[in-house]
Amino acid sequence: MYSKTQIFNLACSALLLSKEIINPDTDETLEARTLRKFYPIAFNKTVSDLNLDGLTTTFTLEKHLDYPSDLWQIAYKYPTTCAMIRRIRSQVIKDTRLTMIEFATGIIGAQKCVFTNETDAVIEFISTDVNLSHFSAPAGMALATHLASLCSPLIVGKGATSLRESLRKDYILFKAEAQELDREENPSIDYDNEQGEWVAARTS
């Protein structure tokens, strides 16, 4: 739905600027250079914070070594394009406390790792490479608003404090709308899962 150019121009609009950016990668105005500088940070922070089913990617982890500690049987290499891990995929669509596969992250030497006892682990994660065309309308607005907030002191100068507070409120609204739309497109019944946990705990 979105392109980088649209995100940059929405950010300019959120900053109350009349500037239009034609090419976000080559424009050398102060506004474009500042947006370009903060864009990777804003992108990774926003996709992690939104944590949407619709932006989730699956990936088979690459083993780093066996028995990295007394607590874990396997250490896998942490994916280089991972903004955040949502879960290790189990046999159910939505995990409960009974089905969730435990994992942790940490560093061995220079290698960031995912620790778990699951063999051939497949993760569901939010990627830093997710295409903007997959963003819903409110998700794209959330990204543009967060980008504008990060850039406001360097672009706006005086008045940035009050503007950032307004942008923060807008971001919270767009985030809620994006997450609500994501729930509608990826329905699940939490009550049934919770009831299943209660029954299983008392009948096992």
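**View 1. Asp-95 reaches out to two neighbours through its side chain.** The side chain of Asp-95 makes a polar contact of 2.8 Å with the side chain of Thr-99, and another polar contact of 2.8 Å joins the side chains of Asp-95 and Arg-87. (A polar contact is a pair of N or O atoms within 3.5 Å; within protein, one must be able to donate a hydrogen and the other to accept it, and residues adjacent in sequence count only if both atoms are side-chain atoms.) Look for Asp-95 in the loop between β4 and β5 (103-108); helices (H or I, at least four residues) and strands (E, at least two) are DSSP runs, numbered from the N terminus. Leaving aside residues up to four places away in sequence, Asp-95 touches Arg-87, Ile-88, Ser-90 and Met-100, where contact means heavy atoms within 4.5 Å.

A quick word on what you're looking at: this is a predicted model, where local features need pLDDT of at least 70 and side-chain atom pairs count only at pLDDT 80 or more, while totals for chains, interfaces and linings use all residues. Residues are numbered from 1 along each chain as its sequence is written, and side-chain values use heavy atoms, with hydrogens and water left out.

**View 2. Phe-103 sits in strand β5.** With residues up to four places away in sequence not counted, Phe-103 touches Trp-72, Ile-85, Arg-87, Ile-88, Val-114, Phe-115 and Thr-116. Its relative accessibility is 29%, so Phe-103 counts as partly exposed. (Buried means under 20% relative accessible area, exposed over 50%, partly exposed in between, using a 1.4 Å probe and protein chains only.)

**View 3. Helix α2 has a kink of about 45° at Phe-38.** The kink comes shortly before the proline Pro-40; the bend at a residue is the angle between axes fitted to the seven residues ending there and the seven starting there. Among the buried residues of α2 are Leu-35, Phe-38, Tyr-39, Ala-42 and Phe-43. The buried residues of α2 pack against α1 (4-14), β4 (82-88), β7 (122-127), α3 (137-155) and α4 (160-185).

**View 4. Asn-51 follows α2 and has a positive phi, near 55°.** Asn-51 is not a glycine, and its place is in the loop between α2 and β1 (56-60). At a relative accessible area of 29%, Asn-51 is partly exposed.

**View 5. Tyr-67 also has a positive phi, near 45°.** You'll find Tyr-67 in the loop between β2 (63-66) and β3 (74-77). Tyr-67 is exposed, with a relative accessible area of 62%.
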